[in-house]
Amino acid sequence: MIQLTVRLIAFDLDDTALRPDASLAPETAAALERCGRAGILLVPASGRALSSLPQELLGICGVSYAISSNGAAVTRLKDGERIFERKLSTEAVVSVLGAFPDMLPECFIDGTPYSDERYVADPLSYGCSPAYVGYVQSTRTPVRDIRGFILENADRLDGLDLLCPDLETRERCLLSAKTLSGVYVTSSSPRLVEFAAPDAGKGAALRALCERLDISPADTVAFGNGDNDADMLRFAGLGIAVKNASPKCLSAADRICGGNFENGVAGALEELL
């Protein structure tokens, strides 16, 4: 068995460390707590906005920093200071909205998500999984005219998402998005196409955090499941994909652990410990 010196563990949330119902299993919480008490820095790394991260997770020992909005920001949790930040340009925001005039967007500004009031009122009609209805309605700030709101705040956006009612729509949007310049394009969910600054991404954010803390990539472990986790897994000394991960994420991984439906992250953490 390869012996690792683990100083930092970065982990995706939805469909990775969280169960299919978006909750944190007691087994996973306990394994993370053990890692934190062993002196390992724990870093949630999510496509979610900062304010949408589960509070129970942020209270676990060792969770001192968070990567949010697909790597648009790294925040030191004790004082809320952003130690890394990459915002979309106004030109990129206008370009995305113009390229997808019929799609309903949402946006993240300074760690807070804003969505159209129609989506917040009825997430299921816009492709939201039933397991995430409560999450959407409890975290999104509703806006009457989301496109107008985004344009008014175009120079402040951490990220911009397109809500896709089905997988076919997502694939079509992803293909069209590849023609746009000045954006990082990814997808963490069958219902989302996500845009961030071109130098954002979870991998870039984790690199910036490691450089700041003088932690070698060789001393890091990263867990993920989505396309947006692939660059983070490649950067880490040990990249672990849950077995329910996307093909792109699986191809970037050094190892595969159990799925999120069987607390795979908890099992892998116990092995590391």
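Colleague: What makes the meeting of the Glu 171 and Arg 170 side chains a salt bridge?

Modeller: Their N to O distance is 2.7 Å, and the term asks for a side-chain nitrogen of Lys or Arg within 4 Å of a carboxyl oxygen of Asp or Glu. The pair therefore qualifies. Please keep in mind that this is a predicted model, where local features need pLDDT of at least 70, side-chain atom pairs count only at pLDDT 80 or more, and totals for chains, interfaces and linings use all residues. Residues are numbered from 1 along each chain as its sequence is written, and side-chain values use heavy atoms, with hydrogens and water left out.

Colleague: How do you know which side of α8 the buried residues are on?

Modeller: Helix α8 covers residues 167–177, and Thr 169, Arg 170, Cys 173, Leu 174 and Ala 177 are buried there. They span an arc of only 135 degrees around the axis, so they sit on the same side of α8; the arc is taken from the directions from the helix axis to the C-beta atoms. On the face turned away from that buried side are the exposed residues Glu 168 and Leu 175. Helices (H or I, at least four residues) and strands (E, at least two) are DSSP runs, numbered from the N terminus.

Colleague: What do the buried residues of α8 pack against?

Modeller: They pack against β9 (157–163), β10 (184–186) and β11, where contact means heavy atoms within 4.5 Å.

Colleague: Which parts does the salt bridge between Glu 117 and Arg 144 tie together?

Modeller: The closest N and O atoms of Glu 117 and Arg 144 are 3.7 Å apart. Glu 117 lies in helix α5 (residues 117–121) and Arg 144 in the loop between β8 (141–143) and α7 (146–152), so the bridge links parts 27 residues apart in sequence. With 32% relative accessibility, Glu 117 counts as partly exposed, while Arg 144, at 68%, counts as exposed.

Colleague: How many salt bridges does the structure hold?

Modeller: There are 19. One of them joins Arg 37 to Glu 33, with the closest N and O atoms 2.9 Å apart. Both residues belong to helix α2 (residues 26–37), 4 residues apart, about one turn of the helix.

Colleague: How much space lies in the largest cavity and in the largest pocket?

Modeller: The largest cavity holds about 40 Å³, and the largest pocket about 440 Å³. The pocket has 29 lining residues, with Asp 14, Tyr 132, Ser 188, Ser 189 and Arg 191 nearest its centre. In the lining of the largest cavity, β9 gives the most, with 3 residues.

Terms used: On a 1 Å grid over the protein atoms alone, a cavity is a set of points where a 1.4 Å probe fits but cannot get out, and a pocket is an open set with protein on both sides within 12 Å along at least five of seven lines; lining residues have an atom within 4 Å of a point. Grid points are joined across faces, edges and corners, and a volume is the space filled by probe spheres set on the points. Buried means under 20% relative accessible area, exposed over 50%, partly exposed in between (1.4 Å probe, protein chains only).
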